[in-house]
Amino acid sequence: MKAVVYEGKGKISLQERPMPRILDERDAIVKVTLTSICSSDLHIKHGAVPRAVPGTILGHEFVGEVVEVGNAVKKIKPKDRVSVNVETFCGECFFCKRGFVNNCTDAQGGWALGCRIDGGQAEYVRIPFADHGLTVIPEHVTEEQALFNGDILSTGYWAAKIGEIKPADTVAVIGAGPTGLCTMLCARLYTPARILAIDTDESRLKAAAEHGLADLVLQAGKEDAETVIRDLTDGRGADVVFEAAGGVDTFQTAWKIARPNAIVVVVAMYEEPQILPLPDMYGKNLVFKTGGVDGNYCQEIMDLVACGKLDASFLITHRCQLEEILEAYDLFEKKRDHVLKYAVKLLRHRAADKKVYK
Ligand SMILES: [Zn+2]
Ligand SMILES: [Zn+2]
């Protein structure tokens, strides 16, 4: 089968790889039908994810059809259409029992897919702990509507939850890229008074406004975020701040625009260390919450997608086939053509053609 492989810092390629097999009775094999490229894939490519293992198939945001399950899999069955959780987790360890599945202590727990174990930018993929990691897609929900459920929508959902937004709060989201937009989408579930989107990119801010996610947009570099937010809030600052940009100075903006006692959720994944200037922020009594996502709300998210309360499919600005994915990586990395997200279709499943699983 064809798959995108991380070969080591700076290098990815489309290769022929062997079909995945069931290795544990809790595994499932999924035929990938639609996959995506995430900025975390770029972080891996740049060598900025120390735990990423060279030789691993990339991809942790995808949907597909179950073709085989291990003997201990109870909830999921062959032919189910499923969305895949970015995190694989055992459900039994100290952290899993408390809902902190990102820190599952199993050898294959946490963010392993497409990082430490083979992921879903491939025709087929093995999913460990399939009953926890797969969510059945209801019949009327499209693959494009479910594509982001397990990763960026999970991230936005988790961020909004731990942001503890109260009704009528002023929420600021730094970064109007795919993750920032998902965070705004999920923040709306908590009825804030207003959501302010901050980004340097005008087209991304336009997307935030056009899709009804942001009530106000602010172009960093042209306007001073701190001044604008103070003017809006009687000099206080934002009640909740989400830092979803991961830029050079966006962490500094995040704590500066927060009001005293605010919660600042650091959703972004930085490629460089950040400075926490404690003397400057003394007296602000801020609460910082840092990523990554605990992706254990996939059923809730799917239920909200199914009833029309969440729909992230507008993020798909570009579509291509697996054979064209390296060009897509290039466009996505350089943020050309106002790209937000790719939907990469897998049209040919060679192994299926040979009836391996039939
Ligand atoms: Zn991701
Ligand atoms: Zn666990």
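I began with strand β9 (residues 194-199), which pairs with β10 in the parallel sense over 4 bridges. For me, two strands pair if DSSP finds at least two bridges between them. Helices (H or I, at least four residues) and strands (E, at least two) are DSSP runs, numbered from the N terminus. I then looked for the partner of A197 and found V217 in β10 at the other end of the bridge.

Ground rules. I am reading a predicted model, in which local features need pLDDT of at least 70 and side-chain atom pairs count only at pLDDT 80 or more, while totals for chains, interfaces and linings use all residues. Residues are numbered from 1 along each chain as its sequence is written, and chains are lettered from A and ligands numbered from 1 in the order in which they are written.

**The sheet**

I traced the whole sheet next. It is open, has 6 strands in the order β10-β9-β8-β11-β12-β13, and pairs in parallel. Which strands stand at the edges? They are β10 (216-219) and β13 (287-290); each has a single partner strand, so one side of each is left without a neighbour in the sheet. Axes here are lines fitted to C-alpha atoms, for helices over the stretch in contact, and angles run from 0 to 180 degrees between N-to-C directions.

Helix α9 (residues 250-257) packs on this sheet. I find it touching β8 (170-174), β11 (238-243) and β12 (258-266). Its direction makes about 170° with that of β11. Contact means C-beta atoms, placed from the backbone, within 7 Å.

**α8 with α9**

I followed α9 to its helix partner. The axes of α8 (residues 225-232) and α9 come within 10 Å and cross at roughly 20°. That makes α8 roughly parallel to α9. I use under 35 degrees for roughly parallel, over 145 for roughly antiparallel, 65 to 115 for roughly perpendicular and oblique for the rest. From α8, the contact takes A225, E226 and I229; from α9, T253, K256 and I257. I sorted these residues into 3 nonpolar, 1 polar and 2 charged. Ala, Val, Leu, Ile, Met, Phe, Trp, Tyr, Cys and Pro count as nonpolar, Asp, Glu, Lys and Arg as charged, and the others, Gly among them, as polar.

**α5 with α6**

Helix α5 (residues 152-162) and helix α6 (residues 178-187) bring their axes within 8 Å and cross at roughly 50°. That makes α5 oblique to α6. Among the contact residues I listed I152, L153 and Y157 of α5, with P178, C182 and L185 of α6. How many charged residues does this contact have? I found no charged residues, against 10 nonpolar and 4 polar.

Residues 25-129 are 10% helix and 23% strand, with end C-alpha atoms 9 Å apart. Residues 178-289 are 35% helix and 25% strand, with end C-alpha atoms 20 Å apart.

I flagged a cis peptide bond joining G291 and G292, with omega about 10°. G292 lies in the loop between β13 and α11 (298-306). I also flagged K79, a residue other than glycine with a positive phi near 85°. K79 lies in the loop between β4 (62-69) and β5 (81-84).

Notes:
Two residues are in contact if their C-beta atoms, placed from the backbone, lie within 7 Å.
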